[in-house]
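Dear colleague,

My notes on what was found in it follow directly after.

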2 protein chains.
Amino acid sequence: MQPHALTAAEAAAQIRAGALTAEALLRSCLERIAEREPVTRAFLYLNPELALRRARELDKRQAFGAKLGPLHGLPFAVKDVFDTKDMPTTLNSPLYEDFQPGRDAAAVAVVRALGALILGKADTVEFASTGRKALSTNPFNPKHTPGGSSSGSAAAVGDFMTPLSFGTQTAGSLIRPASFCNLYGMKPSWQLVSREGLKNSSATLDTVGWYGRSVPDLALVASAYGVAVPEAPSVRGLRVGLCRSPVWSRIEPAGEAALMAAAQRLEQAGAIVTDLTLPVEFAGLPDARTLIGDYEAGAAFLPEALVFGDAFAPALLNKALNRAQLPTAEVMAAYNLADACRPRFDALFGADLDVVLTPAAPGEAPEGLHTVGDWVFNGMWTLLHVPCVGIPCIRGPKELPVGVQLVGPRLDDARLLAIAEACAPVIDADADWARRTLLG
Amino acid sequence: MQPHALTAAEAAAQIRAGALTAEALLRSCLERIAEREPVTRAFLYLNPELALRRARELDKRQAFGAKLGPLHGLPFAVKDVFDTKDMPTTLNSPLYEDFQPGRDAAAVAVVRALGALILGKADTVEFASTGRKALSTNPFNPKHTPGGSSSGSAAAVGDFMTPLSFGTQTAGSLIRPASFCNLYGMKPSWQLVSREGLKNSSATLDTVGWYGRSVPDLALVASAYGVAVPEAPSVRGLRVGLCRSPVWSRIEPAGEAALMAAAQRLEQAGAIVTDLTLPVEFAGLPDARTLIGDYEAGAAFLPEALVFGDAFAPALLNKALNRAQLPTAEVMAAYNLADACRPRFDALFGADLDVVLTPAAPGEAPEGLHTVGDWVFNGMWTLLHVPCVGIPCIRGPKELPVGVQLVGPRLDDARLLAIAEACAPVIDADADWARRTLLG
């Protein structure tokens with residue numbers, strides 16, 4: 001197997017054992033990128049020469065006996081809304097096309113300090129918010145979106161260009177692209193990872209997360225942020241709450257098929273799957289998320305609105321300059337609803353419930369790059385601040401992947417990852433599909 | 001009166017009327033700084049030549065008929081945890097002593113776009129958190145602290161070196177120094193102002209705010225962030241809740257005297273002052289704030305802990321590397337308590353209550369630069385996300401100032417400023433004391 005086909009956890013083990021160098025892994029990724037990037041267009045910035053220098057420095061450390069970080073030699077693509085000290089950060093905005101911040105965002109600094117190799121910057125929806133879309137395409141069909149706003153981050157890992165990448169989620173920008181690109185994706189609990197050095201969009205919602213091609217990949221990155229994943233429990237006896245969610249009317253046949261397949265597979269493996277209906281007031285969370293997002297975008301984008309004026313993305317300009325027109329009482333009610341629902345959701349877990357199983361996206365990735373798909377099945381979880389893990393599941397009628405997500409209570413990321421590790425081989429029953437399809 | 005003795009609102013009016021230039025105001029501030037800075041030590045970075053170039057550019061715009069921003073020509077000192085595009089940002093840390101971010105923090109970009117003149121960077125407690133203190137001294141007695149962590153920001157405005165400055169509050173770093181330095185200070189509602197481009201310490205707590213020497217000064221800066229202050233109401237009939245707060249046992253005689261003087265003066269002016277006892281569970285908020293602050297500091301300072309290791313401030317290193325040792329259930333309980341108390345506090349306002357009057361600090365500024373005073377009377381308001389306005393009130397036994405604060409419900413910053421404008425002339429009965437004392 002070529003190194004770019006390895007999962008991050010597999011590659012890390014080989015590097016640690018001396019069976020693979022950081023340079024060899026990188027060269028394999030660069031070959032894959034050279035082959036596929038003209039179609040997949042995952043990257044906004046890629047400097048192979050710089051990456052090779054970094055890889056050799058990492059190999060040098062290993063060769064001369066330095067203590068290795070847990071992410072030693074693993075390439076990361078970084079969504080281009082994170083500052084990077086050695087690469088431009090453009091936010092996919094012409095207003096920032098030459099900006100070079102000279103400093104790593106906190107999330108990036110952490111993995112770099114632990115041995116990761118920052119490979120390049122991934123395309124994104126402008127400001128990870130609204131405005132122009134990424135040019136990135138779905139690895140399984142370039143006529144379709146890879147999802148967004150973490151478009152290039154998902155496309156790059158999905159297309160075997162890099163084992164790992166960073167994205168962000170303010171509505172559904174991590175878990176939905178994971179589903180569209182057959183990926184494992186993690187949106188951790190709010191503030192598990194610092195957002196310093198990211199373009200802000202919403203203080204309540206913006207969440208840093210990452211993609212890999214297995215649960216151990218996700219756990220490896222989580223460990224960088226202090227999450228110690230316990231041993232995986234048995235699927236037998238695991239109490240799974242099947243949550244169609246208050247927005248079930250928006251499901252498509254392929255999304256329903258994925259959810260039902262995951263539930264059935266878990267049940268066949270001995271899990272106890274029962275329907276979970278959320279308390280009725282949770283139905284207000286999607287609208288609350290939108291209102292809070294609009295209100296907080298007003299603060300986040302005010303500098304751009306004042307500095308760039310009409311050259312700034314019109315939808316964001318409008319949010320920034322007209323925040324005072326939002327109904328304060330409704331904004332307050334949205335905050336209060338979210339604050340009231342968070343402990344209620346956490347309290348569901350315990351004797352009768354270990355994990356929630358719920359759609360990751362309405363269905364397959366839609367056609368066209370003018371869209372990044374619908375985040376309707378993600379927004380409420382973002383607002384609830386709970387950890388979510390996206391897991392591949394089935395292929396839909398267009399032979400595009402459709403995943404599901406597992407959700408746990410706040411701050412229990414470690415246990416959610418352990419449960420995901422147990423469930424992943426069951427849910428992702430044909431785990432080799434992507435390698436077969438894309439790598440032959 | 002020399003220009004540096006003007007309030008920001010007074011200076012803005014003179015500039016707009018053509019009676020004062022940005023350069024003349026700046027030169028007057030620079031003279032004051034030259035005279036006082038050897039003792040007050042408010043600034044970590046000051047480049048008079050750069051500031052003069054900026055002032056002349058602003059005067060040029062005015063001279064040639066450009067549309068002027070509401071902050072045109074007004075100098076701001078900026079706490080050295082905000083990025084500034086043309087000045088270093090050191091966080092008062094030797095680890096960042098040469099760092100130059102090349103970009104303005106969002107809060108700074110907004111006022112610069114509206115005509116403000118960024119004068120220099122103000123000293124601060126390291127990382128606005130813990131570690132080494134500022135060298136800044138109290139303008140009224142250099143043996144005493146100006147408070148912190150916004151030490152230099154408060155000292156500079158208190159000592160008439162600049163009419164305005166930016167600070168931040170995570171526990172009590174804005175309102176307490178306002179009290180110690182005889183200032184008007186504003187901690188707005190959470191997320192009224194974007195924190196992008198600030199060193200993060202706590203996502204739930206960090207709040208951008210500012211100092212001036214009058215309520216109109218505070219309102220002028222608030223207007224930059226979209227707050228339109230209505231006409232001031234009458235003090236007669238205003239319903240004021242006198243809140244000793246759950247930490248009243250920590251009050252000192254001078255702090256009590258300030259609160260009682262403010263209450264009495266308001267009553268004499270016709271306000272209806274009644275005791276306000278908060279619901280019993282609010283007593284848990286100070287500890288909840290500490291726990292949330294510690295937990296979130298773990299994420300915020302992880303990059304420095306990994307990159308700098310033992311060279312990093314020990315208290316923060318410990319928080320960053322040992323976050324997993326914090327009791328998750330207690331952290332969750334702290335979040336849930338705050339979430340539950342916020343709407344309960346907001347709901348107190350209405351038919352029976354217009355504004356809360358509560359201590360800004362325990363008493364006068366303590367002696368010594370090893371301390372920045374106690375934030376115990378500020379922490380719960382920070383956690384509640386409510387707007388607070390600090391107002392000068394009395395002088396204590398050491399002839400140092402002691403203020404009070406007015407607090408309103410979340411997102412009602414505009415009305416709180418209107419009420420503060422009405423109350424300030426009553427509470428700050430000897431408003432000319434600082435000018436008499438410091439400027440002769």
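Two residues are taken to be in contact if their C-beta atoms, placed from the backbone, lie within 7 Å. On that basis, residues 24 or more positions apart account for 78% of the contacts in chain A with a separation of 6 or more.

Before going further, please note that this is a predicted model, in which local features need pLDDT of at least 70 and side-chain atom pairs count only at pLDDT 80 or more, while totals for chains, interfaces and linings use all residues. Residues are numbered from 1 along each chain as its sequence is written, and chains are lettered from A and ligands numbered from 1 in the order in which they are written.

Overall form of chain A

The secondary structure of chain A consists of 15 helices and 11 strands; helices (H or I, at least four residues) and strands (E, at least two) are DSSP runs, numbered from the N terminus. Along its principal axes, the C-alpha trace of chain A spans about 60 × 60 × 40 Å. Of the 440 residues in chain A, 64% are buried (20 or more other C-beta atoms within 10 Å of the residue's own; 12 or fewer is exposed, and in between is partly exposed; C-beta atoms are placed from the backbone).

The two copies

Chain B can be laid on chain A with an RMSD of 0.0 Å by a turn of 180° and a shift of 0.0 Å along the axis, the copies being superposed by least squares on the C-alpha atoms of residues with pLDDT of at least 70 in both. The two copies are thus related as by a two-fold rotation axis. In chain B, the C-alpha nearest this axis belongs to B:Asp339, 2.7 Å from it.

At the interface, 37 residues of chain B are in contact with 37 residues of chain A. Helices H4 (106-113), H9 (285-300), H10 (302-308) and H12 (328-347) of chain B are the elements that give two or more residues to the side of chain B that touches chain A. The largest share of that side, 8 residues, comes from H12(B). By class, the residues of this side divide into 22 nonpolar, 7 polar and 8 charged (Ala, Val, Leu, Ile, Met, Phe, Trp, Tyr, Cys and Pro count as nonpolar, Asp, Glu, Lys and Arg as charged, and the others, Gly among them, as polar). Because 100% of the interface residues of chain B are also interface residues in chain A, the copies meet through the same surface.

Local backbone features

A cis peptide bond joins A:Gly148 and A:Ser149, with omega about 5°. A:Ser149 lies in the loop between strand E3 (117-122) and helix H5 (151-158) of chain A. In chain B, a cis peptide bond joins B:Gly148 and B:Ser149, with omega about 5°.

A:His385, although not a glycine, has a positive phi of about 70°. A:His385 is situated in the loop between helix H13 (379-384) and strand E10 (388-395) of chain A, and counts as buried with 23 C-beta neighbours inside 10 Å. B:Glu399, also a residue other than glycine, has a positive phi near 65°. The loop that holds B:Glu399 runs between strand E10 (388-395) and strand E11 (401-407) of chain B, and B:Glu399 counts as exposed, with 11 C-beta neighbours inside 10 Å.

With kind regards
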